[in-house]
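User: Please take a close look at one part of this model, the interface between the two chains, and describe it from the side of the second chain.

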Protein chains: 2
Amino acid sequence: MEKKYWVPALEKANDVLQLVSEQPSKLKLIDLSKQLGINKSSMFSLLNTMEALEWVVREPESTYSLGSKLGFIGNAFFKQFSLIDRFRKEAAITKHTIQETIQLAKLEQRDVLYLAKEEMPSPVRLSSEPGMKLPAHVTALGKAMLASLAESDFEALFPEEALLPELTPFTIKTRSELKAQLAAARAEGFAFDLQEAVMGFCCVAAPIRDAQGRTIAAISCSMFQHEWEAKRELAQREICALAAKLSQDAVQVNS
Amino acid sequence: MEKKYWVPALEKANDVLQLVSEQPSKLKLIDLSKQLGINKSSMFSLLNTMEALEWVVREPESTYSLGSKLGFIGNAFFKQFSLIDRFRKEAAITKHTIQETIQLAKLEQRDVLYLAKEEMPSPVRLSSEPGMKLPAHVTALGKAMLASLAESDFEALFPEEALLPELTPFTIKTRSELKAQLAAARAEGFAFDLQEAVMGFCCVAAPIRDAQGRTIAAISCSMFQHEWEAKRELAQREICALAAKLSQDAVQVNS
DNA sequence: AACCTAGGTTTATTATAATAAACCACGATG
DNA sequence: CATCGTGGTTTATTATAATAAACCTAGGTT
C-alpha cells in the first residue's frame with residue numbers, strides 16, 4: 001500500500017473497525033492492541049476518539065462494538081441505490097418460490113459490490129454481505145454484468161491475458177475463457193457460476209437494465225451444488241423474471 | 001470536545017464523511033477543504049488515504065462519494081440487531097394498512113437511536129434515518145422506552161430537574177412533566193408525541209419486549225398533525241399489535 | 001499569444017500524534 | 001498477606017502528520 005500522502009491513523013482506525021465488526025462486544029483495548037500490533041497507548045487515544053465520534057461504543061465490560069455513526073454513514077451509502085428497496089420487496093417473494101438466497105450487486109471496476117441480500121434460513125450461510133466485494137470474473141453476478149460491457153470497456157478493465165485471481169479449481173483462468181463465457185451469457189441473457197467462487201456452490205445471475213438498456217446491476221440465486229441439477233431451471237426462470245421486473249423504470253445506480 | 005488523547009485525523013475524516021454523506025458526488029477536494037476549514041494539503045492526504053481504504057470513491061469528475069467499506073461496516077452495525085429483519089417484513093404490511101411511515105428504534109442513554117424505517121411514498125419525508133439519534137424525551141419512541149425503566153435507572157439518566165433540550169414549543173420542559181407522561185404511557189402501553197419533536201407531526205409508539213419482559217426497542221407511527229384526529233385510533237391499535245408480534249421471542253438488541 | 005486564476009500537487013517547516021517506558025490499580029496466586 | 005501479572009492510564013521522547021507556501025497545469029480572458 002502506498003506510503004506517501006498517507007494518514008496512518010485512518011488505516012489503524014480502519015483495522016480496528018474491521019476487527020470490531022467481525023467480533024462485536026468481544027474485544028477490549030488490549031486485544032485490539034495485540035491482534036493488530038498497534039501500541040496500546042496509540043490504541044488508547046484511538047479508541048478514545050472513536051468513542052467520542054460514536055464510531056464505536058464502549059460496553060459496560062469495556063469491550064467495544066460498532067457505534068451508531070457508522071450505522072448512519074452506512075445507511076447513507078446504501079441510500080444512493082434506490083434499487084435496493086425495490087429489490088428487497090420483490091426478492092422477498094421470489095426467494096420463497098425458489099427457496100434459496102437471492103443477492104443484488106453492482107459492478108465496480110473488476111469487482112462485484114454486494115448491495116443487498118434476501119436469504120432463506122439455512123444451516124450454512126454465504127459469507128457475502130452487503131458492502132463486500134468479490135472479483136467479478138468468479139461470480140455469476142459479475143459475468144452477467146461484464147457481458148454487457150462494450151468491447152473497448154472490457155479491454156480497458158482486462159488489458160492483457162492476465163492471470164486472474166483463482167478462488168477454486170473451477171475459477172476461470174484466462175481472459176479468453178472469460179470472453180467466451182461472456183459471449184454465451186450475452187446470448188442467453190443470464191450467467192452461471194459453477195463452484196467458481198466457493199466450492200460446493202452454484203449460481204445463476206441476470207442483469208438489471210435501466211430505461212436506456214444499460215446494465216446497472218445484477219441479481220443472483222445461489223444454491224448447493226447438489227441441488228443445482230434439480231433447481232437450476234426454476235432458479236434461472238425466476239431470476240430472469242425478477243430481473244425483468246426490476247429493470248422496469250430502474251433508476252441509475254449512483255455514479 | 002475533549003482535546004487530550006485525541007486523534008484529529010479521525011475527527012477530520014469524520015467531518016469529511018458527514019459532509020460527503022449529505023452531498024454525495026457533489027464535492028471536490030477544494031470544496032471539502034473550504035467548507036470544513038481544513039488545509040487543502042491535509043485534505044489531499046486525507047482523501048488519498050480514505051480512497052485507498054475505500055471509505056470514499058473518487059468519481060470521474062473528481063468529486064467524492066461514500067465508499068463500499070462504509071457500506072460494509074454499516075451493514076455489520078445493523079446486523080447486530082436481528083430484530084430489524086423481522087421488523088422490515090412485518091412493518092411492510094402494517095404500513096399499508098395505516099398508510100404512514102413506521103420506525104424502529106432503541107434507547108441509548110438519553111437518546112433514541114433509529115434502527116430501521118418503513119416509509120410510505122409521500123411528498124414530505126421525515127428526516128429521521130437509521131443510525132440517527134434524537135433526544136428520547138421529545139419522541140414517542142423514547143417515551144415508550146423510558147416508561148419501562150426502573151425508577152433508579154431513570155434517576156441515573158436524568159439526575160436533576162434539568163433543562164431538557166427543546167425542539168419545538170410543545171417539547172416537554174421539565175423532568176416532572178416527563179415523569180407524569182411516562183406514568184401514563186406505562187399504564188396505557190403506548191406513548192404519544194404531539195408536535196414535540198417536529199412541528200406539524202404526531203406519533204404513537206409502543207415498546208417491544210423480550211421473553212423476560214424487558215423493553216429492548218420500540219416502534220412508532222408518524223403522521224401529519226392534521227391527520228391525527230382521524231387516524232390516531234387505527235395507528236395506535238396497529239402499532240400495539242405490531243409491537244406485540246415483534247415481542248414474541250425477540251432476541252435482545254445488542255449490548 | 002500573453003496573462004491571469006483556480007484546483008491540485010509537491011516541498012519544507014512546525015506542531016503533534018505515535019511510541020516506549022514508566023506507572024498505577026486491582027485480582028489472582030501462593 | 002505479600003507478590004506477581006495484567007490491563008489500563010500517564011508521561012517523555014521521537015517520528016511524522018498537518019500546515020503554509022511554493023509550484024504546476026489547464027482553462028478562461030483580453
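Analyst: About 4700 Å² is buried between chain B and chain A, and carbon and sulfur atoms give 64% of that area. On the chain B side, the residues that lose the most area to chain A are B:Tyr5, B:Leu10 and B:Phe72, which together make up 13% of what that side buries. The model is a predicted one. In terms of contacts, 55 residues of chain B meet 55 residues of chain A.

Polar interactions also cross the interface. Between chain B and chain A, 14 residue pairs are in polar contact, and the rule finds four salt bridges there. One salt bridge joins B:Lys133 to A:Glu54, with the closest N and O atoms 2.4 Å apart.

The elements of chain B that give two or more residues to the side touching chain A are helix 1, helix 3 (40-52), strand 3, helix 4 (68-79) and helix 5 (83-98). Helix 4 of chain B supplies the largest share, twelve residues. By class, this side of chain B holds 24 nonpolar, 17 polar and 14 charged residues.

Strand 1 and strand 3 (residues 63-66) of chain B pair over two bridges in the antiparallel sense, and B:Leu27 stands opposite B:Tyr64 in strand 3 of chain B.

Methods
Residues are numbered from 1 along each chain as its sequence is written. Chains are lettered from A and ligands numbered from 1 in the order in which they are written. This is a predicted model: local features need pLDDT of at least 70, side-chain atom pairs count only at pLDDT 80 or more; totals for chains, interfaces and linings use all residues. Side-chain values use heavy atoms; hydrogens and water are left out. Two strands pair if DSSP finds at least two bridges between them. Helices (H or I, at least four residues) and strands (E, at least two) are DSSP runs, numbered from the N terminus. Contact means heavy atoms within 4.5 Å. Buried area is the accessible area (1.4 Å probe) that two parts lose on being put together, summed over both. A salt bridge is a side-chain nitrogen of Lys or Arg within 4 Å of a carboxyl oxygen of Asp or Glu. A polar contact is a pair of N or O atoms within 3.5 Å; within protein, one must be able to donate a hydrogen and the other to accept it, and residues adjacent in sequence count only if both atoms are side-chain atoms. Ala, Val, Leu, Ile, Met, Phe, Trp, Tyr, Cys and Pro count as nonpolar, Asp, Glu, Lys and Arg as charged, and the others, Gly among them, as polar.
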